[in-house]
Amino acid sequence: MYGLGILKGLSVTLKHFVNTYVDDIKWGFAKRYTPEALLVRQSAEARGVFTVQYPEEVLLPQERFRFVPFLVYEGTDEDRQYRCTACGICAKACPPQCIWIVRAKDPETGKPLRRPAEFYVDIDICMNCGSCAEYCPFDAIQMDHDFELADHDRETAHIHDLQRLGKPVEYYAKIRPTYYAAEQEAKAAKAARAAKAKAARRKDK
Amino acid sequence: MTDELTHPNIPVPEDLKGTVTLATWEKFYNWCRARSVWPMFFGLACCAFEMIAMATSRFDFARFGMEVMRASPRQADLMIVAGTVTKKMAPQVVRLYNQMAEPRYVVSMGACANGGGPFKEGYSVVSGIDKLIPVDVYVPGCPPTPQALLHGFVTLHKMIENTKYKDMIWYHNRGQGEEFAIPVLGPDIFDPRQIPLIQSEAAKTPVAANDSE
Amino acid sequence: MNEQVAESEGVQLDAAVGSVEQASQALREAFPGKVRPDEREGYEGVIVDADALVDAALFLRDQLGFRYLSSVTGVDYANDGLLESVYHAYGAESGALVFKVQVGCGNPEIPSLVSVWPSANFQERESYDMYGIRYAGHPNLQRILTWEGFAGHPMRKDWREPYYEEEHKPFKTRHPDGGVFRAEDRNPFGRNVQYSPGFDPAKWEDIAQSAVYDGLMREVKEEGLQTETITVNVGPQHPSTHGVLRVVVVLDGETVVDLMPVLGYLHRNHEKIGERCTFPQIIPYTDRLDYICSMSNGLGYVLAVEKLIGIQPPERAEYIRVIMAELTRIVNHLMAIGFLWNDVGAYFTPVIYAFNERELILDLFEMVSGSRMMCNYMRVGGVFEDLPAGWMEKARALVYDRLPRFVDEFHRLLSENEIWRSRSMGVGILPAEQAVAMGASGPLLRASGVPYDIRRVEPYSIYDRFDFDVVVRHNADVYDRFLVRMEEMRQSLRILRQAMNQIPAGPVQTGKKNWTMKVPAGEAYHRIEAPKGELGFYLVSDGGSNPWRYHVRSTSMINLTPLAEMCRGHKIADVVVILGSIDITLGEVDR
Ligand code: SF4
Ligand code: SF4
Ligand code: SF4
């Protein structure tokens, strides 16, 4: 019969339509937008259609999610100890070459120091590729999760300088817990090794 | 919803709060306008797919009153420049913008539209659509996720809501907005506005732009 | 009939396995003195004299069975003052026979091969545009990616872009004294432009547009239709062209008389930038080729580099790569079908259904690589990082349960719809013979009855370990292309299930990954069966850390070659449907 195919198709859309509401009811109207519900309803187990009500609720990014880079610093906001040593690897590795680094110099001797005096990322060029974070040997530059960066001006706001790029290490630990944990573990292991080696040397003496 | 409209200087009796809203006409008008911005269905590159993703059910921009994407610039209020603007495409983009009726808004989506993006260094990419047409909101990212783009819209809404009546040029007999010069595809693209500059540069020492060493 | 074609091809190709050597031997014997082996270190194939090219090509096609010309491209050997045109031809089951023609830089002219292999059409135009090699006898030798009137041939090594900084990355200005600057600030015009001395814009006559129509009108006259036709421009801003493609259509009433795609509206100089980058730096750029299938693009590229270096990724990485590539195929086909339906007039419903599933797969990509679309996940000799905890469970839930269910449902939603059937059956027919000649690949080719799938004929990575069917259909119309894609999703799921069961533990990277690497001198061409068809990467290395030549054999662009053929005689409304059934991505068409 002509039209049967169309009806068959329409039954699918009807099913989706009904499923969405059945799903809502199953979760209970109060609970359907809770974070736990979101987790399930945004996964393969979801039935029906489900919308994230941004900006009221946000679909949280995965741990590896990358947007624009930031620089990790230890210490407080006033006394920022950037992890970066101004080695320049990220600037070299960056495919569109959007990182500019000025290495700090000792004001007296003029010798280069192991920290940046200036650090810029032009996020109008940055392709969010993550190469900088991937190849940085000191885990000093990381990819941010914050994507709410829209604004009305790009001339000043889109060239991120050292001040803008810096974020505390606690923030890093929060957005990338497994990476941070692995890093701490590696550090601890290294310290233990060093201590052991030291002890061994002392014994030798 | 009613509270966000309420004018801070006009007291509403306590028992009427949430039922009655006293707002200025301007504010109410802007509030309506912000919630019925129709975007143009217009994608340029990779970013366009995140834009479409934003239109589908997970992010669903219909929640913002953006219901319909119009393929015709005449029916659209908002141009989302989603993707790389190449030199070959630039005249078309400007022409489309000229065809839009006031009030019109431009959201520049992604690094490419903002400032050239990863392809900026190349020879055939316009480094920033704002060189050709005015941009209201820049959304960084490559590509911005759908939520990042939605954040751009929220920013745009705020901007629309804060427009003053005297700035609404389309009510002040200032025509249907400015016509922007359409770039011409020459040996390299040139903007008619830049003709004097190009001529004066040419009159200076002939910079061999493309000398082979 | 179509089956027969496929059969006869199969026969020819049997003989050709491992016989590329014999073929080039035969070629040399047939054209003594005109064809000589390419003896440069790391190179393969033969060099043909320009005057014998057409004869040699005919011999190759008709006598030796190399009926599929995959790739044509130019290379600028500036140090030797030579321009080279490189061709890769395939028999149905043989490897590539590479042949090259060399000409001096001064007045480069090479006979065109469009008469032998129509698939050379757009590619020769591209090579002309980029290198200035004139292909004598080409029916419409115009610029394709830039515009008519553009100054210079941008891929020549001595041509420099306005924002030129240095020959190779990394640029020295970035470190250790990298005072930030915008490239605009260093340009007298504050824009990405440059003009030759003495250029006067006031006197410029814009030929970019008229030239397009010139090419078309000429064709119309040849066919004797001069009156009462109208020319309609579809695009570059059109909701049905999947981006910024422009199609110029000559109509007689509503019937298509002639048609020409106008490309280049998304030309982003991928290849020039690639030649400035180091080998690993290109990987994130490949994501932006066919931006729907970033994983496959990356896979094709790293395989080409690995071929050049001669390394193998570890087992686990191979499996991960296959899993990602097949997930990508599902994403691509979902979107292809969704947008095809959009073109037919169903508007957004199928797209929205397809996107729901796509979102779930993109979640997996985001989890593993950090980005939804621009994954940047493949690495030379491995992958970025191992699968994170919990990934496999999520993927299993999708692959074993949700996606098979969805594909069935999608099938029920769409396949039997009468409106769809009447719009698509018998529309846009592309006979097998023509499909092969015009270089069609992927679902487009397989829907024409040619069982050609690179995963089967020339298995790369570990595809030889999986059990799957090459989907073929024989009606060669839009409906069959749709069904091929539907069925391929099922086959992909089958591969995925096998891969997920077999995947071993272990490392995911051979050696240490780095942002730069030295690659031995030589050339390599590697092609994969990307979701859209044959995606090839041609690399020439001079032994340094960045490619001397980096070329992408773009599926989408070459699949557009038969568009005019398929559309002639149909109504204008069918053009968008046929275009949709080819499934192109503009990022890959124009690069
Ligand atoms: S961020 Fe890392 S790679 Fe970049 S300069 Fe600092 S330490 Fe070196
Ligand atoms: S994310 Fe990529 S493009 Fe952006 S700064 Fe890092 S390396 Fe450069
Ligand atoms: S910003 Fe990135 S994703 Fe968007 S168009 Fe440009 S390259 Fe593509």
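**A covered helix, a chain interface and a ligand shell**

In helix 3 of chain B, the buried residues are B:C46, B:C47, B:A48, B:F49, B:E50, B:M51, B:I52, B:A53, B:M54 and B:A55; here buried means under 20% relative accessible area, with exposed over 50% and partly exposed in between (1.4 Å probe, protein chains only). Helices (H or I, at least four residues) and strands (E, at least two) are DSSP runs, numbered from the N terminus. This is a predicted model, in which local features need pLDDT of at least 70 and side-chain atom pairs count only at pLDDT 80 or more, while totals for chains, interfaces and linings use all residues. Residues are numbered from 1 along each chain as its sequence is written, chains are lettered from A and ligands numbered from 1 in the order in which they are written, and side-chain values use heavy atoms, with hydrogens and water left out.

Helix 3 spans residues 46-55 and is mostly covered, with ten of its ten residues buried. Within chain B, these buried residues pack against strand 1 (78-82), strand 2 (105-109), helix 5 (110-115) and helix 6 (146-161). From chain C, helix 9 (315-346) and helix 10 (349-369) also take part in this packing.

Another residue of chain B, B:N30, is found in helix 2 (residues 25-34). B:N30 is buried, with a relative accessible area of 0%. Leaving aside neighbours within four places in sequence, B:N30 is in contact with B:I160, B:E161, B:T163 and B:M168, where contact means heavy atoms within 4.5 Å. A polar atom of the B:N30 side chain lies 3.4 Å from the backbone oxygen of B:E161.

Turning to the interface, chain A contributes 31 residues to the contact and chain B contributes 36 residues. Together the two chains bury about 2500 Å², 58% of it on carbon and sulfur atoms; buried area is the accessible area (1.4 Å probe) that two parts lose on being put together, summed over both. A:Y54, A:H152 and A:R154 supply 26% of the area that chain A buries against chain B, more than any other three residues. The rule finds one salt bridge across this interface, a salt bridge being a side-chain nitrogen of Lys or Arg within 4 Å of a carboxyl oxygen of Asp or Glu. The side chains of A:R154 and B:D130 meet in a salt bridge at 2.6 Å, N to O.

Finally, among the 14 residues around ligand 2, A:C94, A:C126, A:C129, A:G130 and A:C132 come nearest, a residue being near if one of its heavy atoms lies within 4 Å.

Notes: A polar contact is a pair of N or O atoms within 3.5 Å; within protein, one must be able to donate a hydrogen and the other to accept it, and residues adjacent in sequence count only if both atoms are side-chain atoms.
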